[in-house]
Amino acid sequence: MSDLLTRMFYGGFVRMHILYHAVKEPIFGAEMMEELARHGYDVSPGTLYPMLQKLEEVGYLTSHAKVVAGKTRKYYRATPEGAAALEATKVKLRELVKEVVKDEPPRPSIRSERPES
């Protein structure tokens, strides 16, 4: 996967995936890297942890530390704002899938507004 493709598209998919799991249950970084890898995303700690921190900064995640096997692990959970952002994103994703993947443009579409040539 190219860096350009990652920056332009996959970063949003990864953030959405993070929020999805953080709404369901507390998550932690290493676990999310494994989950994302199952879906074909090769996300390094240097990419994932800043994403988690940014999602926390904007109020979509909250975190707490817990000692596990003698090491401190940071767990993240979606806030109500994060859950609402995920739901709003799902609406847009459904629209996008319908139009781009299923090739079912909305009515009126941008084509129906243009005069025939």
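Reader: What separates E95 and K92 in helix α4 (residues 80-101), in helical turns?
Author: E95 and K92 sit 3 residues apart in the helix. The model is predicted: local features need pLDDT of at least 70, side-chain atom pairs count only at pLDDT 80 or more, and totals for chains, interfaces and linings use all residues. Residues are numbered from 1 along each chain as its sequence is written, and side-chain values use heavy atoms, leaving out hydrogens and water. The separation of E95 and K92 is therefore about one helical turn.

Reader: Which contact joins the side chains of E95 and K92?
Author: Side chains of opposite charge can pair when their charged atoms come close. The rule here asks for a side-chain nitrogen of Lys or Arg within 4 Å of a carboxyl oxygen of Asp or Glu. E95 and K92 meet at 3.8 Å, N to O, in a salt bridge.

Reader: Is K92 buried or exposed?
Author: Buried means under 20% relative accessible area, exposed over 50%, and partly exposed in between (1.4 Å probe, protein chains only). E95, at 44%, counts as partly exposed. K92 has a relative accessible area of 54%, so it counts as exposed.

Reader: How many salt bridges are there by this rule?
Author: The pair E95 and K92 is one of them. E57 with K54 is another, the closest N and O atoms being 3.8 Å apart. The count comes to 5.

Reader: E56 forms a salt bridge with which residue?
Author: E56 is partly exposed, at 26% relative accessibility. Its closest N and O atoms to the partner are 3.8 Å apart, and the partner is K74.

Reader: How many residues apart in sequence are the parts that E56 and K74 tie together?
Author: K74 is partly exposed at 39% relative accessibility. E56 lies in helix α3 and K74 in strand β3, so the pair ties together parts whose separation in sequence is 18 residues.

Reader: What pattern does the protein chain follow along the sequence?
Author: Helices (H or I, at least four residues) and strands (E, at least two) are DSSP runs, numbered from the N terminus. The protein chain comes to 4 helices and 3 strands. Read along the sequence, the pattern is α-β-α-α-β-β-α.

Reader: Which residue in β3 does F28 stand opposite?
Author: Elsewhere in β3, R73 is the bridge partner of K66. F28 stands opposite Y75.

Reader: Which residue in the hairpin of β2 and β3 takes a positive phi?
Author: The hairpin has 2 residues between the strands. The phi is near 50°, and the residue is A69.

Reader: At what angle do helix α2 (residues 29-38) and α3 cross?
Author: Axes are lines fitted to C-alpha atoms, for helices over the stretch in contact, with angles from 0 to 180 degrees between N-to-C directions. Contact means heavy atoms within 4.5 Å. Residues G29, A30, M32, M33 and L36 in α2 meet P45, L48, Y49 and L52 in α3. The two axes come within 10 Å, and the crossing angle is roughly 115°.

Reader: Is H17 buried or exposed?
Author: H17 is found in helix α1 (residues 3-24). Leaving aside neighbours within four places in sequence, H17 is in contact with M32, E35, L36 and H39. At 16% relative accessibility, H17 counts as buried.

Reader: What share of the 117 residues in the protein chain is buried?
Author: H17 is one of the buried residues. The share for the protein chain is 26%.

Key. Two strands pair if DSSP finds at least two bridges between them.
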